[in-house]
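Colleague: I would like to learn how to read the helix packing and the aromatic pairs here. Please give the general idea before each case.

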Amino acid sequence: MAEVVYPVTSDMTPAYLDLEADVLRKIAAIAWYEGSDPRLRLSEAIRAVAISERGTFSLKELASETHSWPRAAVEPPPCLAFLALTVLAAEDMGNAAESLAPRAYYARLARLLSLSDDDAALRNQYRMHAEFFWDCVNVWLVNLGGERGLPTAYSLSYRHVGLPMSQALVREGDRQKFPGMFAQFGLNPGARLAPEDLIPYLNTWLASESGASNLRRLWQRPGSHDKIAAIAAIELSNWNGLSQDSTSTSVPRRALLVATVRTGFLGSSLDLFLGLRPLGNVMDGQMEVRGASGDWVPLRFSRGTAGIWRTAYTETIDFGSVLDGLVRIRHHGDGDSDGSGYKRLPKAVVPFIYDELELAYVQSERLQLGADAIVLVRQGTGRASTSAVVEVEKTLNECARPGFSKHQIMAGLPPGWTLFAGVQLFRAPVTQTRIDELVPLARNQLTIAGGLRIPSRVRKWSTFEPPEVRATVQSETQLRVTLSKSLQTECIQDWSSDTGTLAADLNDLALPDGDYEVALYTGSKKTPTQQASLRLRSSYTVDPARSSAPRLRFSLATPMGVLTASEKAPEDAFVDGLVTHQGESGVTATVRATAEIFWSNPPKVAERPTVRIGTPDPKSCVVTGAHFIQLPPALGGRAPRWIQGVCTSCGMVTRYPGWLPRWGGTKSHDEMAPPQMTISNLVPVADEPVNWDAAQDVLMHMGGGPFASLESLAIQLEGSALFVINFARSLEALGHIAIERDDLGRPLRWQMSPACLAQTANGSYRLTGLWPADARESLVGSFANHIVTVRSEHGPTETFLVGIDEASAERVARHNAAQVAHDAGASLLAALPRLSAVSECLPRSAMPGFDAAARFDLDSANWMPTDDPSRSGAYRLRRGFETLYIYRSTTDIEKGSTAITRPNLAKHLAAAEIGRTFVLYNEPSQSLLSPNGCELPGLYARATVALAGCLPETKRITIGNNKRNCLSYASVDRHCADLIVTLLTT
């Protein structure tokens with residue numbers, strides 16, 4: 001059953017125990033059943049286990065086996081076949097031919113087992129064990145890391161019967177239509193909404209969607225709305241943003257904005273991108289945007305992770321014109337006469353919701369309760385924007401969690417716009433507001449957000465950087481949130497609030513690794529309004545995907561091994577972490593390292609021209625905000641949850657929540673007033689420092705994988721592409737990870753290096769590679785007086801064993817299955833080839849075309865624009881929204897070839913071409929210096945960092961008239977300095 005119903009998949013898709021007729025036949029064939037009634041044979045198999053010779057039904061034996069099933073097992077739990085039978089019973093509900101009531105579940109299950117319709121033992125045993133059985137299936141899918149699908153067996157109504165109904169009510173073909181609805185209404189991928197908040201969407205969608213006839217029939221059944229909405233909520237929470245229905249006219253082609261806010265060591269900045277959600281599978285990223293002059297300008301988009309394609313570089317686009325103008329995008333070469341391209345209308349208020357899959361803020365129709373958000377507000381003139389900043393700030397002061405910030409000047413923020421960052425909306429506006437982007441459509445919301453999320457198909461967080469539980473209730477002020485261990489009924493923590501809002505920091509609980517369930521209860525209800533799973537992991541446990549992680553080492557059989565690790569079997573000489581095996585390059589120090597420099601202060605460089613997006617008529621409603629919204633007529637009856645209006649001028653769709661209080665009428669003010677919610681009791685939002693140690697622990701839990709997983713982890717620490725580069729480069733230089741790169745220097749895969757005790761220049765031993773939390777704790781217990789930790793703002797905490805001899809180091813290593821690298825830095829340096837040998841081995845290709853080029857000027861150590869890349873040196877080429885770094889030697893110029901590589905390597909190769917090096921040596925302080933941006937490449941950096949056991953520090957140096965920020969590598973003695981300079985100089 002597991003092989004057929006839960007096949008191994010590479011997609012992040014929900015998995016249902018859905019036994020349609022063809023699925024049941026496949027299961028029967030694998031089980032060697034050749035009869036014509038697989039349902040009957042399955043029932044007989046269950047009867048043989050669950051019904052005694054006296055005809056009494058009991059799940060005691062099956063429950064005992066399931067309790068003995070290891071919770072970390074990758075084999076399916078023993079209860080799976082019985083649960084399949086319960087799903088068959090749920091599928092039979094609504095079948096009038098059986099002379100049973102449509103909701104009669106237990107009678108149908110009894111008939112499948114040849115029991116009487118009112119068998120009391122069946123009901124009691126089922127209620128006693130069913131939830132535990134389904135929890136085991138969910139845990140099993142989580143154990144597999146999502147490779148057999150994501151768990152879906154959750155129930156918010158009809159506590160026991162709802163579980164099999166969640167698997168059987170909506171068929172697979174109908175579930176595949178839900179993404180079309182999500183895209184049509186602009187819902188955010190991965191959003192976790194309460195089922196009741198999806199009912200109005202389903203109601204409107206099913207009234208107009210012609211391709212969902214089966215769902216429409218189900219929707220018309222009495223009592224079906226909550227159940228279908230619960231399934232839609234699960235599908236939405238697992239939706240990756242893709243919509244395969246490219247022919248649907250109800251799904252709009254929206255262009256949107258994607259933003260990242262960086263608050264790191266380089267200051268705060270806002271990065272904006274243009275984004276698209278393409279329909280179907282046809283998308284190559286080659287697009288055109290209509291510029292201010294009316295011409296169509298080429299624009300390249302790259303694939304994101306949540307169904308979004310977005311531009312790669314923001315510095316070439318004038319995002320002030322994007323925010324103010326009408327954005328029109330089409331596929332390259334397509335006509336736009338039919339209006340089928342992508343459009344984005346200008347708005348005075350632009351909300352962004354943080355997307356956990358995209359790892360960025362994505363433009364949304366309106367704010368969402370409890371979610372991390374930012375808001376851009378136009379400061380200019382016009383009916384909709386004159387007081388927009390004032391009104392937004394007033395509303396956020398009343399309804400958002402304290403601690404949000406207001407910025408009118410920030411790097412990357414277009415002039416004339418204000419940014420509200422750190423926004424978490426916890427209540428809907430009480431007073432009327434004309435800015436409907438601030439009015440959430442949901443009423444009650446349970447959100448698990450923040451913390452450090454572990455890159456995985458299954459949603460989980462770092463145990464050492466857990467998320468926060470946020471809850472808000474609009475309908476009443478009493479709420480309760482419970483936390484319990486999965487597969488257990490005992491409540492670990494219970495939070496209550498009489499203010500309608502709650503934010504609980506899980507750091508205070510010091511929870512261990514494990515699976516937990518969080519439930520939101522409103523008022524005096526005993527049934528949860530919303531539930532969510534919380535999974536915490538650390539290096540105490542092993543990610544299921546670690547077994548498939550690559551085994552990467554640096555082979556020194558070729559000079560290219562200096563730049564990239566590989567999975568190939570190592571030759572005689574290779575580097576594994578900080579252990580050098582049989583490595584002697586034969587290069588001797590023949591060039592003396594000095595403090596001389598040959599570069600001067602960089603000159604000012606002209607800014608790169610930007611692309612301006614066309615702006616509509618300044619008197620049009622898309623600029624002034626004076627939309628003429630046509631609303632549907634009021635036909636009486638119960639008010640809808642929300643009301644949709646359309647601007648008769650520009651076609652903008654606006655949705656007004658129908659559940660918000662409307663003053664007037666016959667009711668008194670007290671009867672109409674909403675509950676008095678309070679947000680002042682919430683702990684203010686605060687910027688958390690970059691937690692390098694939690695990130696390193698996550699990497700030890702994962703073990704390795706595609707570089708995209710390391711990238712998604714780094715972006716959570718600081719949302720910038722530059723930090724991703726620094727994060728990977730730092731951990732690689734420290735010897736903690738190995739990275740495999742392609743011929744163009746692009747990272748492909750990574751792996752945690754093996755545990756090692758690497759001896760530094762001062763004789764201490766540093767812990768590098770895979771030292772999980774339990775191994776470190778054991779070491780602290782045994783060598784408390786010999787352990788020294790060194791913390792850093794720009795790297796992980798490094799742990800040293802000091803005052804021990806080589807024999808003691810060997811004993812520690814054997815006890816922890818680790819290696820010892822005596823004199824690690826010097827040994828690695830002695831094994832490295834000259835940089836000139838690396839240059840000769842770099843793959844060559846024809847000179848690529850480009851739109852703009854810059855040459856690295858060695859005299860100023862700075863990029864300078866050029867139109868002629870016909871001289872040897874390092875170049876930066878831009879074409880569309882792609883940037884390439886290349887190196888061209890004298891031989892390359894003659895042959896018309898080039899080597900595409902990393903920027904720092906290209907710079908050092910260009911200097912070596914003229915017999916120079918950027919490296920300086922300060923002998924009194926035994927420090928090696930190199931200008932920022934000219935970091936030592938590959939294993940040259942690893943060897944130099946290993947001498948001191950810490951990353952280089954940034955220092956501003958003054959030599960003569962030159963002032964420059966440089967990287968300072970410590971603990972480099974004269975011999976090592978001379979050898980490094982010799983290796984880097986031709």
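Modeller: Start with burial: a residue is buried under 20% relative accessible area, exposed over 50% and partly exposed in between, using a 1.4 Å probe and protein chains only. Helices (H or I, at least four residues) and strands (E, at least two) are DSSP runs, numbered from the N terminus. In α6, the buried residues are Tyr105, Tyr106, Ala107, Arg108, Leu109, Ala110 and Leu112. This is a predicted model, in which local features need pLDDT of at least 70 and side-chain atom pairs count only at pLDDT 80 or more, while totals for chains, interfaces and linings use all residues. Residues are numbered from 1 along each chain as its sequence is written, and side-chain values use heavy atoms, with hydrogens and water left out.

Colleague: Why is α6 described as largely enclosed by the rest of the structure?

Modeller: Helix α6 covers residues 105-112, and seven of its eight residues are buried, so it is largely enclosed. Contact means heavy atoms within 4.5 Å. The cover over the buried residues of α6 includes α3, α5, α7 and α8 (162-168). After α6 comes Ser114, with a positive phi near 60°.

Colleague: How much of the protein chain is buried?

Modeller: Of the 986 residues in the protein chain, 55% are buried. The chain has 28 helices and 45 strands. Among its contacts with a separation of 6 or more, 67% are between residues 24 or more positions apart.

Colleague: At what angle do α3 and α5 pack?

Modeller: Axes are lines fitted to C-alpha atoms, for helices over the stretch in contact, and angles run from 0 to 180 degrees between N-to-C directions. Helix α3 (residues 38-50) packs on helix α5 (residues 80-92) at about 130°, and the axes are 10 Å apart. Angles under 35 degrees count as roughly parallel, over 145 as roughly antiparallel, 65 to 115 as roughly perpendicular and the rest as oblique. The α3 and α5 pair is therefore oblique. On the α3 side the contact uses Arg39, Leu42, Ser43 and Ile46, and on the α5 side Ala81, Phe82, Ala84, Leu85, Leu88 and Asp92.

Colleague: Which classes do the residues of the contact of α3 with α5 divide into?

Modeller: Ala, Val, Leu, Ile, Met, Phe, Trp, Tyr, Cys and Pro count as nonpolar, Asp, Glu, Lys and Arg as charged, and the others, Gly among them, as polar. The contact of α3 with α5 has seven nonpolar, one polar and two charged residues.

Colleague: What is the angle between α4 and α7?

Modeller: Helix α4 (residues 60-68) and helix α7 (residues 120-143) pack at about 25°, with axes 11 Å apart. That angle makes α4 roughly parallel to α7. Lys60, Leu62, Ala63, Thr66 and His67 of α4 meet Gln125, His129, Phe132, Phe133 and Cys136 of α7. By class, this contact of α4 with α7 has five nonpolar, four polar and one charged residues.

Colleague: How many aromatic pairs are there?

Modeller: Rings of Phe, Tyr and Trp (its six-membered ring) pair if their centres lie within 6.5 Å; planes under 30 degrees apart count as stacked, over 60 as edge-to-face and the rest as tilted. The count comes to 19 aromatic pairs. One of them, Phe132 with Phe133, is tilted, at 6.1 Å centre to centre and 50° between the planes. Phe132 counts as buried at 16% relative accessibility, and Phe133 is buried at 0%. Another pair, Phe856 with Trp863, is edge-to-face, at 5.1 Å centre to centre and 70° between the planes. Both Phe856 and Trp863 are buried.

Colleague: Which residues do ring pairs link into a cluster?

Modeller: Phe57, Phe82, Phe132 and Phe133 are linked into a cluster by ring pairs.
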